[in-house]
Amino acid sequence: MDSLLLTLKLAFISTCILLIISTPIAWLLAHKQFRGKAFIEALIALPLVLPPTVLGFYLLIALGPDGPGGWVAGLWGDRTLAFSFTGLVIGSVIYSLPFVVQPLQSGFILIGAQPLQVAATLRASFIDGFKHVILPLAKPAYITAATLGFAHTLGEFGVVLMIGGNIPNETQVVSIAIFEHVETMNYSSAHSLSGILLILSFTMLAMIYRNRSRSLNGKHKSTNTSGGSGLL
Amino acid sequence: MKLTLNLKLNKPSFQLSVHQDIHWDKPGIHVIFGESGCGKSHLLRSICGLEKIDGQIQFNDTVWQSAKKITPTHKRNVSMVFQDGQLFAHLNVLENLNFSFKRSSCTKDEFDLCINQLNIQHLLKHEVNDLSGGERQRVAIARSLLSKPDLLLMDEPLASLDWKSKSEILPFIQRLSQVWNLPILYVTHSIDEVMELADHVILLEKKNGMAQIVRCAPLMDILADINNPFNQHPNASSILLGNIKHEGYQQDGLHKVSLAEQFLYLTNTNIHSTHSSQSVRLNIHASDVSISLSHAMDSSILNILHGKIIEIKHEPSGHCLIQLEVDNQIILSRISTYSAQRLNLKVGMSVFAQIKAVALSK
């Protein structure tokens, strides 16, 4: 059960970080035209198509003693960020980035630039207007983004295997634990963990769809901003 | 009050180039008129800082944009009413109003005055999606007023409304400028709105992808020219200024309006109780005015004015537009060219204008 708690902790922390860093990225991609935009969009979408082992391999090198991760770890006297919980968080954030950026981006596109401009004509600065107009309007998009980011981090296997290994209480997440249980013919433990993950993932997806159909059928038709569920 | 514009805006489809001082001697409505797509809305958006322009914008002594600095929209003391209201969908009516109230120097008394004037007190608890088009626009106007702007911009606020909602909101807009002591720049492509609201008219024209102000003058000066752009329209109108006689003159549901020497009668349905001032502005469609050579005593038409033909303009549609001078003011009449020939109308002739409908506009 330790692996389950560790997984939930990893998913929770990663989702929080993802929501924070994805907000400005998604806003820029939704509303600004700049050079290299397509390049950045492709980069963010890469984890959607890249085999997790490939991503994991590069991350392993980057986080390892000879990569930037090793340098960062050196700040507090460690040799490497690989095979650590911090390394897993970094990996998860990169791995799940498109699942959070894309729903937010479609949400911001649907809302459009106008509400913020209206807010500006009513004396609201950018930050003020973003906080009091855009964030509430984008609430459905944030719920979708958070759920997808969380669920996707729960199901991560390949990247974790490459950069985290299988250290109980440090990097042994549920998906790895299940793999190990099966390898050691411990089917009953594999069953219970798999069952929990199945129910958890299903519940979260069901919530997204309910959230989406509500905003589609509800009276706030014009403000349906739970975009990005198309990813499913 | 003075707005100085020296600006250039480059858009893929056209360029807007405006070099104009816009003056308000007293609070009033300056209407920016032009065809759809000639850059009227872009001009308003440039003034409040929502478009990236080159040049300078100054309001009274405050520089909003110069080569050195650009004041961001939220620091310009200007507010804008958008075409479809653009109320915030996640807030109800009261919360929408509070959004602007909280960020301005508006007092609670002004808040109450504002919602009373726009007659929205019964809507405060409503969701914005439950409002009719007219209600939505009234709330939007109130929300803009509550930000206490020095200048109010209105971008075709009535364009998406039906006739009934329009006639419901027009009186509010007519009084806005005076009551709130506020200069207004109002964009429209509707001639009726120009006639109802404008003190000054700013004509915007696009030629070869270049949009420019071609004229900025009091409405009456523009109307004096028979070749003005409004006269090409089927709704071509003229405006008469008169004085309404006090209640004692009211007979059979009619109000008597005096011009210099002659009188007009108005049915009282469109007399508004807030017309405390005696001077009124009347709007008369050219197509509602016919011409006769003698004063018809056996006609049901109530308003017959004596005047002199000062100009006749033949139109390709088989009509002609005739300018009459009545008590030193101008009335337009649109009749068929055939009728004009039959009556042998000539400039300088003395005739009678039979007016079928008169609307009180301001």
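What share of the contacts in chain A with a separation of 6 or more is accounted for by residues 24 or more positions apart? In this predicted model, such residues account for 72% of those contacts.

## Overall make-up of chain A

Chain A is built from 11 helices and 0 strands, so that its elements, followed from the N terminus on, read α-α-α-α-α-α-α-α-α-α-α. Taken along the principal axes, the C-alpha atoms of chain A fill a box of roughly 60 × 40 × 30 Å, and of the 232 residues in the chain, 40% are buried.

## Packing of α2 and α5 in chain A

Two packed helices are described by the angle between their axes together with the distance between those axes. For helix α2 of chain A, residues 37–49, and helix α5 of chain A, residues 85–111, the packing angle is about 110 degrees and the axes lie 7 Å apart. Because angles of 65 to 115 degrees count as roughly perpendicular, α2(A) and α5(A) are roughly perpendicular to each other.

On the side of α2(A), the contact is made by A:Ile44, A:Ala45, A:Pro47 and A:Leu48, while α5(A) contributes A:Ile94, A:Tyr95, A:Leu97, A:Pro98 and A:Val101. Sorted by class, the contact of α2(A) with α5(A) comprises 9 nonpolar residues, with no polar and no charged ones.

## The interface between chains A and B

Between the two chains, 17 residues of chain A are in contact with 18 residues of chain B. On the side of chain A that touches chain B, α6 (114–121) and α7 (126–137) each supply at least two residues, and α6(A) gives the most, with 6 residues. By class, the residues on this side of chain A divide into 8 nonpolar, 7 polar and 2 charged.

## The sheet of chain B

In chain B, 10 strands form an open sheet with mixed pairing, and their order across the sheet is β5-β4-β1-β2-β10-β9-β3-β8-β7-β6. From one strand to the next, the twist averages 20 degrees.

Strands of a sheet pair through backbone hydrogen bonds, in either a parallel or an antiparallel sense. Strand β7 of chain B, residues 151–155, and strand β8 of chain B, residues 184–188, pair in the parallel sense over 4 bridges; B:Met154 stands opposite B:Tyr186 in β8(B).

Key: Residues are numbered from 1 along each chain as its sequence is written. Chains are lettered from A and ligands numbered from 1 in the order in which they are written. This is a predicted model: local features need pLDDT of at least 70, side-chain atom pairs count only at pLDDT 80 or more; totals for chains, interfaces and linings use all residues. Two residues are in contact if their C-beta atoms, placed from the backbone, lie within 7 Å. Ala, Val, Leu, Ile, Met, Phe, Trp, Tyr, Cys and Pro count as nonpolar, Asp, Glu, Lys and Arg as charged, and the others, Gly among them, as polar. Axes are lines fitted to C-alpha atoms, for helices over the stretch in contact, and angles run from 0 to 180 degrees between N-to-C directions. Angles under 35 degrees count as roughly parallel, over 145 as roughly antiparallel, 65 to 115 as roughly perpendicular and the rest as oblique. A residue is buried if 20 or more other C-beta atoms lie within 10 Å of its own, exposed if 12 or fewer, and partly exposed in between; C-beta atoms are placed from the backbone. Two strands pair if DSSP finds at least two bridges between them.
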